[in-house]
Amino acid sequence: MIQQILSFLVEFGRFFAFWAIRNKSIKQLGFIEFLGRPVRTMKYGWNGKWPVFEEAVLEDGRAYAYILDPQSLQTGDGKAVVLRLSVTCRIVNLRRYVGSVYDGRSNVQDVAAGELGDVGAASDVGAVLCGEILPEVLRRVRAVAKKWGMQVDSVKFVDNCQTRSLRLWQSTFTSSGQD
């Protein structure tokens, strides 16, 4: 009962708060929206806002590195390869990010996987395995992510090999103890 009362008081205070805090210790991006419309960018520290009508939107602007799941594909010369890609991205325009895409970080991963498949299918196995296709993949992913208020810093191969199937590639890892 006491916990429910305390929880109610905290939520009540949060709902009628006339301040919002933008943390200076981490790279936080933020803006104040009035009835769902962005009105001003938040500065570091305390920011005033009208209770009930205005809401603070905060996101972490630090870089995130994602390692995509292994992807098996066939190159332009008919060879089967398995590739794992690492994507590093960050939010640079919070208003565009919040207004144009839902869960942009995972969408960037999906776009990177799709572009890797497209570029890899049009290239020969030598260009794929040595990483010559990575600048083209990066260029394409950056073009899409920019529309969402994000910046892609890099795409890199975590692992790449030529194999007959994804299952054979995974069995070589489990048999060698590299789970």
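## Crossing of helices α3 and α5

In this predicted model, helices α3 and α5 cross in a right-handed sense. Helix α3 covers residues 104-121 and helix α5 covers residues 134-147, and the two pack at an angle of about 145 degrees with their axes 9 Å apart. On the α3 side the residues that take part are V108, V111, A112, E115, L116, D118 and V119, and they meet E136, V137, R140, V141, V144 and A145 of α5. Sorted by class, this contact comprises 9 nonpolar and 4 charged residues, with no polar ones.

D103 belongs to the loop between α2 (94-100) and α3. Its phi is positive, at about 55 degrees, although D103 is not a glycine; as a general rule, most residues other than glycine have a negative phi. With a relative accessibility of 39%, D103 counts as partly exposed.

## The sheet β3-β2-β5

Three strands form an open sheet in the order β3-β2-β5, and their pairing is antiparallel. Because β3 (37-41) and β5 (54-60) each have a single partner strand, they stand at the edges, and one side of each is left without a neighbour in the sheet. From one strand to the next, the twist averages 35 degrees. Strand β2, residues 28-34, runs antiparallel to β3 and is joined to β3 by 4 bridges, and in this part of the sheet I32 stands opposite R40 of β3. In general, strands of a sheet pair through backbone hydrogen bonds.

Apart from neighbours within four places in sequence, E55 is in contact with F31, I32 and E33. The C-alpha atoms of E55 and R37 are separated by 9.6 Å, and the two residues are 18 positions apart along the chain.

## T88 in strand β8

T88 lies in strand β8, which spans residues 80-91. When residues up to four places away in sequence are not counted, T88 touches A63, Y64 and A65 as well as Q151, V152, D153 and S154. The relative accessible area of T88 is 18%, and T88 is therefore buried, since the cut-off is under 20%.

## The protein as a whole

The secondary structure of the protein comprises 6 helices and 9 strands, and buried residues make up 36% of its 179 residues. The protein exposes about 11100 Å², of which carbon and sulfur atoms supply 55%.

Definitions and conventions. Residues are numbered from 1 along each chain as its sequence is written. This is a predicted model: local features need pLDDT of at least 70, side-chain atom pairs count only at pLDDT 80 or more; totals for chains, interfaces and linings use all residues. Side-chain values use heavy atoms; hydrogens and water are left out. Buried means under 20% relative accessible area, exposed over 50%, partly exposed in between (1.4 Å probe, protein chains only). Accessible areas come from the Shrake-Rupley method with a 1.4 Å probe; for residues, only the protein chains shown count as cover. Axes are lines fitted to C-alpha atoms, for helices over the stretch in contact, and angles run from 0 to 180 degrees between N-to-C directions. A crossing is left-handed if the near helix is turned anticlockwise from the far one by less than a right angle, and right-handed if clockwise. Contact means heavy atoms within 4.5 Å. Ala, Val, Leu, Ile, Met, Phe, Trp, Tyr, Cys and Pro count as nonpolar, Asp, Glu, Lys and Arg as charged, and the others, Gly among them, as polar. Two strands pair if DSSP finds at least two bridges between them.
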